[in-house]
Amino acid sequence: MSHATVDVSALIGPYPFRELPHPDPGTLISVLDREEIPRAWVGHLPTAFHRDPRKGNESLYRDLVPHRSRLDPAPTVRPDWPSWEKELARAVDEGAAAIRAYPAHWGLGPEHPSLVDLARACSKNGLPLLFTVRFEDSRQRHAIDVAGDLPAATVRGVARAGTQARIVVVAASRAMIEEIHWGLTPSERELVWYDTSWIWGPPEDDFAHLLRAMGAARFVYGSGWPTRLAQVTRANLTLLPPDLSGARLADPTAWKPY
Amino acid sequence: MKDGLATPLAGPGPLIDVHAHFYQQGSGRASWRELNASRLAAGDRIGISWHVGSILGSWGATSPTYFQSPDDTVSGNDAMLKVQESERSRVRAWAAVNPNDTDFALRELERCRRRGAIGIKLAAARRATDALLDPLMQYAGEHHLPVLHHAWQRRPAAAAGQDPSDALDLCHLAGRHPQVAIVLAHIGGGGDWSHTLAAVRDVPNVYLDLSGSGADRGMLDQALDAVGAARLVWGADLTLETGLAKLWALDVIGVTPADRERVRWRNAASLFPPGSFPGLSA
């Protein structure tokens, strides 16, 4: 039993570079049942590869309508795109749980000022800002999939800007997590969380090390579904050593009333 | 699963990890004992009956991991055989060699086999298309030893620190030595596994090990579609949590109980010399 309240890194929709089995909301509900997770923040996978996220967000809202009791939209807002503030306002109107951003896909390097603007706007609206490090291993990517992994410096830049936005980093592994966490002041660290989907367990025991060094409160449950097996996070939590078996991850549902 | 422990996380029944690694004092990692202990402890919880492991020389401390010196080859294999000796109810050893010094490699294989190694581990010191591998493969065939070969799924033209082989290279090797079972390492271990699946579909003596940190949805389904359960073997490599997750995933993608047994242990047991896993018979 994970005690997790929400999967922060779920997505729906096809992936441009390989076939994914059943990346639809109904299957996601089944996966949540199997993994005993009450709800999920759900992004729209194809939108990560669109220039303008508006139409993808519309699809997301529409597809989630029958499942809103358990699936909360996490739409994409691109802060260097015209009228992005309207897209954020629509996300608020639609009851978004978080805002997704893909700086590497949009060519926005570390410390790009628009990212700070987005973080400030998210903070003002009480919405966490979610960054995705990767969808798949860098060694297997399609020749036209050249965005690369999200740099840790991008996250540090936003976290240091003093916007008070909550930042959730998904699909990061130990090295990147440590590079961000220990590159921030204690108060800045308190506003950054990491999902569990790409952290190594035994025998390297990266997950156990991070929990001991940073505290379980810095981590949130994430599966990376549908690109990644949702069972990985369950396995990682189950295989924690005895001194960490009762570790409680942060509860993002407490960040915002549902 | 060892006596006295709770129900294994991977469910009941035998389970062979064909792709385990251990460490030794000369590995350059102060925590080498803890790493080995962590693997065994997690393995017990998962329910791994047998870890078939290797130590790749000094893991880069005194010669490159993929281009081991003869001294490091010996020390790595000695350390691995020592783990096998001290954990004789749950660990078996691959003999890892660098094929560039053929005479030495053959002597080392014979030395390790006589001490109980049950297979040959080849990594990335020479591509699988190279004739230098042939004497080692002939040795494997003569002694019914499987070969676990490191792979980069759809390798780049060049890679730092290694001369990796991919599925096409391994199929070339398999065609030259059809009597030897070749285990293509870690389809989740980096690179384009879909390229691998397309390459090995019709090469009957190439088996796929499921290990690696990669846990892409769709990979298991497509691997089953490409080669069937009869040519898949389970392993974890460096990440036991993804290994466990893949076993759980097999349970939900429609694999029959008989096929699950094949992947968990029967296929592996059939590849190694008879008697390699006391109590298990494929």
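Me: Which residues point the other way from β3(B) when B:V91, B:A93 and B:A95 point one way?
Reply: This is a predicted model, where local features need pLDDT of at least 70, side-chain atom pairs count only at pLDDT 80 or more, and totals for chains, interfaces and linings use all residues. Residues are numbered from 1 along each chain as its sequence is written, with chains lettered from A and ligands numbered from 1 in the order in which they are written. Opposite B:V91, B:A93 and B:A95 are B:R92, B:W94 and B:A96.

Me: Why is strand β3 of chain B largely enclosed by the rest of the structure?
Reply: Strands (E, at least two residues) and helices (H or I, at least four) are DSSP runs numbered from the N terminus. A residue is buried if 20 or more other C-beta atoms, placed from the backbone, lie within 10 Å of its own. The strand, residues 91-96, is largely enclosed because its buried residues number six of the six.

Me: Which residue stands opposite B:V52?
Reply: β2(B), residues 50-54, and β3(B) pair in the parallel sense over three bridges; pairing takes at least two DSSP bridges. The residue in β3(B) opposite B:V52 is B:R92.

Me: Through which helix does the chain cross from β3(B) to β4(B)?
Reply: β4(B), residues 119-122, pairs with β3(B) in the parallel sense. The β-α-β crossover is right-handed, that is, clockwise from first strand over the helix to the second with the strands pointing away from the viewer. The helix, residues 102-114 of chain B, is α3.

Me: How many residues of chain B are in contact with chain A?
Reply: Contact means C-beta atoms, placed from the backbone, within 7 Å. Chain A contributes 24 residues. The count for chain B is 29.

How values were computed. Buried ≥ 20, exposed ≤ 12 C-beta atoms within 10 Å, placed from the backbone. Contact = placed C-beta atoms within 7 Å.
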